[in-house]
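Dear colleague,

Please find the structure below for your records. My notes on it follow.

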Amino acid sequence: MLGGALAAGASLPIVQGLLPRESGGLGTAGAKAGHSGHAGHEGFAHAGFAPGRSVNHRANGFDPTNLLRDFDYGKTRRLASGRVLREWEIVAQDREIEVAPGVKYEAWTYNGRVPGPTLRAREGEKLRLRFLNASDHPHTMHFHGIHTALMDGMPGIGENRGGGQVGPGEEFTYEFDAEPFGVHLYHCHVSPLASHISRGLYGAFIIDPKKGRPEADEMVMVMNGFDTNFDLSNEVYAVNTVGFHYVNEPIQVSRDELLRIYLVNVLEYDPLNSFHVHANFFQYYPTGTSLEPSEYTDTVIQGQGQRGIAEMKFPFDGDYMFHAHVSEFAELGWSGFFRVGNPSRLTAAAASAAYCDLPWGGAGRKA
Amino acid sequence: MEAAAQAERAPGGRLPAWLLGLIPLALIGAAIGAFALLGGPGLGERTGPPVEEVVVERTTLRPGEIELTLRNDGPDPVEFAQVAVNDAYASFTASDGTEVGRLGSTTLTIAYPWIEGEAYEIFILTSSGGTVDASIPVATETPEADLSFYGLMALLGIYVGVIPVSLGMLWLPFVRRVDARWIGALIAFTVGLLALLAIDAALEGLDIAAAAPGAFGGAALVFAGALVAYLLLAGVDAYLARRRANAGGSAAQGGLYMALLVAIGIGLHNLGEGLAIGSSYATGALALGAFLVVGFAIHNTTEGLAIVAPLRDGVGPTGGTRFGHLAVLGLIAGAPAILGAWIGAAAFNPSLAALLFGVGVGAIVRVIVQIAPAMRNDEGRILHPLSVAGLLAGIALLYVTGLLVSV
């Protein structure tokens, strides 16, 4: 196994493929089949970042793998009325983050991470968010939900009552009820809007229905991108900020277990984004505002600010790709893998079936 | 101030001249040293983030690989972090590391299954998030620089340089028979031809310089090359003229001498032309159709005529000029095209190309200055109806044949 993998690697000296890391090495037979099947494509398995270098999550202060299942429930206490009051403290701060290996970006963040914390509440609760602006620029928190004008995080509205635009060093407390249930988002609404949003000021905002949803392995995927050279088009695309992160570190899921993905599109500069999963179909709940799915599909499109819930089970073990079905985005970073079941049971065939039968560049890396 | 200067001058008079010359130099050196040691006192930090300036000097395509040679033209180091070809990130290796200091260069070898005939847009993402763009208008494999390739380039140089120039020189017997009154017109014809050639070469050089790193001079290289070539040829001319005057020479020798000057000028020009052809061929921008080669041949035939025009005076069909001399003249004017094609195809560098084009321009201008007096008529006028007609004919012929080779 090791010998075969090294041999394949030796013939592909500068390959960076999309084989998820730590997968079993490819069998010699699999690699050879790939070679013969794609004459002229030797040395190029697929789009990916240059090898030998990865994003420093520690320096970033967040790791997309952890971010995936990190839900911020805040602090709760019961009010005299019997209602639950849920409270958070959110700090806007400027911070340099690495969005692709070796590529630094001056991000504007909520609580030092991009996307901001996934705020999660239950339908009908009273929510209170103390927002402190430690950034050099004015910001707000504009929630998608139902609330009064003063609580809308909209510059020009409510400044005389301490609201509206929150300047550097200032703070404001947003207060509103958790409604309607579904998957929503929040973002800064200070002009220039595209700039404030694309810099990283956004996050998912989940309101669970009163009766809850069926037990599931839940995760949040915020589809975003980065215009690193400020030319009004993105250089790096991703889910949860770091391009190709879930290719290098596939998302571990269990076979036959219900998987629930809260999918939010905050991408700027491109009008549409999409989500596609390989070798499987999912039930889709647009905006999550209904408990009945609207479609059984393997691809959905979301415009800017659109979101929804995808639910699926993987019936087979193996590595299954998910990516934007806008190929350009996929090959500029918005790709990942689900790793279903016990990784040691993966075979070359299963790995290859995940995307196409090319010899994955990871073959030479590790057996 | 005046008094101080006077006081300085008095003791200065006793110092040796070389020391007086060295003192300002030493002071400048000390000032620079102190400035550097103190880290530029009073200047403070730079304002704003560094501006990255990177030039793509050379693009090479091999099966499954795209190679880009990048030069850092800006004041700060640049680190190349990622590369995307047609909006897809690709893996790459860097020959001299991914971080490049001022004026440094590195070659990125990108793994990509490019397809013949397609166009590619590449962006290189730097560590600061900036991008360097490179484009490949039509992808085609870059020829390997092996022996057969150099052979092909030599053949190309012979086709477009040596053969047409030599053919053009076959007008010598015709030139010999032409009435004496027409000699001014013939020289004028050559001057017109060369003038347009100089303009053309200057524009092409400036065009290439636009893609060259500004730190190496850019467009200034064309003018520098022209100035250097002009001055060198003028110097050589003055030296040879004195030797000739001492030895005494016939009219035929004078004509041969003038022909040699024209040949040198045209040869330096053909060096640049060969360079352009070779690099275009190597990057696939130029398809070597028979039409193009024929076009260049016809175009350069006129240059042969320019060489033999001064050889009119003398006896015999060749004006007393030995065939050996003619062959040497042809080689001087035509063979540099071979050398140019080699350089252009194997080691094209926009800065070098701009400089060489400038050299060609300077050489031609020098030749024009040299032979223009021969346009004079009996009244001593340079511009007279016949010479003007000759000038216009030369410009027209070069323009028309140039249409055949506009690449």
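The term pLDDT denotes the predictor's confidence in each residue, from 0 to 100. This is a predicted model, in which local features need pLDDT of at least 70 and side-chain atom pairs count only at pLDDT 80 or more, while totals for chains, interfaces and linings use all residues. Residues are numbered from 1 along each chain as its sequence is written, chains are lettered from A and ligands numbered from 1 in the order in which they are written, and side-chain values use heavy atoms, with hydrogens and water left out.

The model scores ipTM 0.79 and pTM 0.77. Chain B has a mean pLDDT of 82, with 86% of its residues at 70 or more. Within chain B, confidence is lowest in helix H1 (residues 2-12), at a mean of 51, and highest in strand S8 (residues 120-126), at 96. Helices (H or I, at least four residues) and strands (E, at least two) are DSSP runs, numbered from the N terminus. Where pLDDT is low, the predicted coordinates should not be read in detail.

Helix H12 of chain B (residues 385-403) has 19 residues and reaches 27 Å from its first C-alpha to its last, close to the 27 Å expected at 1.5 Å a residue (1.5 Å times one less than the number of residues). Its buried residues (under 20% relative accessible area, 1.4 Å probe, protein chains only; exposed is over 50%, partly exposed in between) include Ser387(B), Leu391(B) and Leu398(B). The buried residues of H12(B) fall within an arc of 115° seen down the axis, so they line one face of the helix; the arc is that of the directions from the helix axis to the C-beta atoms. On the other side of H12(B), exposed residues include Pro385(B) and Tyr399(B).

Yours sincerely
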